[in-house]
Amino acid sequence: TVLVLFSLLSITHGLADLGIPGWSCSPDLMKKSKSVPKSVHSLRPADIQIVGAMGDSLTAANGAGAEHNDILAVAIQYRGLTFSVGGDKTLDEHISMANILKKFNPDLFGYSIRTGSANVWETAKLNAGIPGAGAEDMLEQANDIVRRLKEHPEVDYKNQWKLIHIFTGCNDMCGWCRHAENTAEFFRDNIRRAVQVLQKELPKTIVVLTGMVDIGLLRRADADHKFCKKIHESECSCEVNPDITAEMLTNEARLYMQREQELQDSGEFDTTDDFTLIIQPFFEGVTDIGRNPDGTPNMDFFAPDCFHFGAYGHAVVGKNLWNNMMQPVGGKTVGNLTDTGNPLLCPEPSCPFIRTTKNSVNCAQYMAD
């Protein structure tokens, strides 16, 4: 039987967070493969030995640990709380992809801890996300991760399975209305170049790409918080531009999503058995920010600037990310930024792998690996 405990809201040092105390899956699903998998389509969560991340201030987790009224603390990069590779606390206290993977493999390497910038190895580890970065910066970050992996004495980058997470686009969208070159095609092609580097340089790698979020959702927070709108004038000018309608923002974000999807659908990153790119599209179709039971915006989701995710927001996003990773391509659910206690998914017994394009079509052929 699969043991799934529901999410519990915990409060740590006055900050809302979300953990899942005691979560586990059946031993058969938690264990590593009998031998190191040869195919990325036969990759169990416990087979992942190294995690890394690329992105912007949301990957750096700016402001994630800030007190509600401490706007200056948004400048602090709380990398240990980021929804992808944040490794502070445990899954009992905070949901992140890395904290979940640590349940399957306690020896997981590369997750970030505490606070600090991308160039501080002791805390950032393989979290290469940089505040202010856009899609055009992903190539440099990809090269940076490759360098770190090849230079580290404890890493056998040719033989250890790696998961690299990418999330970018908010800065591109925030400047989209002012910069004609910020097209969806420009966005896609910059991500493509970065993934091509990973494909060329890093065998035994699965790239997980979180799809674009609709920044028009921020207007839902602005409507009830004038302070948020004022802050967003400097952080995301296109979002508060009165000449840009919410529909225009949503439509452009959807174009970004569609172009990202082309990277997976093209098959260009499925040419070998030891590398693939999978998009987790949980943000696609999200039409509202997190809500309290009374219908008001749940500002615990945000850092003090109402833009970046707070610790609770990172945990909710991390839960949605993981659940998409466990769902087959074509069967991935839309995210919900209001946590309703839905369970954190375990791998499917009939296909106990991180789901890819190929094992989503026919998993049986990969079960013997």
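Student: In this predicted model, which residues of helix H9 are buried?

Tutor: Helix H9 spans residues 226-235. Buried here means under 20% relative accessible area. The residues of H9 in that class are Cys228, Ile231 and His232.

Student: Which exposed residues does the face of H9 turned away from its buried side carry?

Tutor: Exposed residues have over 50% relative accessible area. On the face of H9 turned away from the buried side, the exposed residues are Lys226, Lys230 and Ser234.

Student: Against which helices do the buried residues of H9 pack?

Tutor: The buried side of H9 includes Ile231. Its packing partners are two helices, spanning 218-222 and 237-240. These are H8 and H10, respectively.

Student: Which strands form the edges of the open sheet?

Tutor: The sheet has 4 strands with parallel pairing, in the order S3-S4-S5-S6. An edge strand pairs on one side only, as do the strands at 50-55 and 275-280. The edge strands are therefore S3 and S6.

Student: What is the bridge partner of Val51 in S4?

Tutor: S3 and S4 (residues 162-167) run parallel and are joined by 6 bridges. In S4, Val51 has as its bridge partner Leu163.

Student: At about what angle does helix H11 run to S6?

Tutor: Helix H11 comprises residues 246-265 and lies across strands S5 (205-210) and S6. Relative to S6, H11 runs at about 150°.

Note on methods:
Residues numbered from 1 in each chain as written. Predicted model: local features only at pLDDT ≥ 70, side-chain atom pairs only at ≥ 80, totals over all residues. Heavy atoms only, no water. Buried < 20%, exposed > 50% of the residue type's maximum accessible area, 1.4 Å probe, protein only. Contact = heavy atoms within 4.5 Å. Pairing = 2+ DSSP bridges. Axes fitted to C-alpha atoms, helices over the stretch in contact; angles between N-to-C directions.
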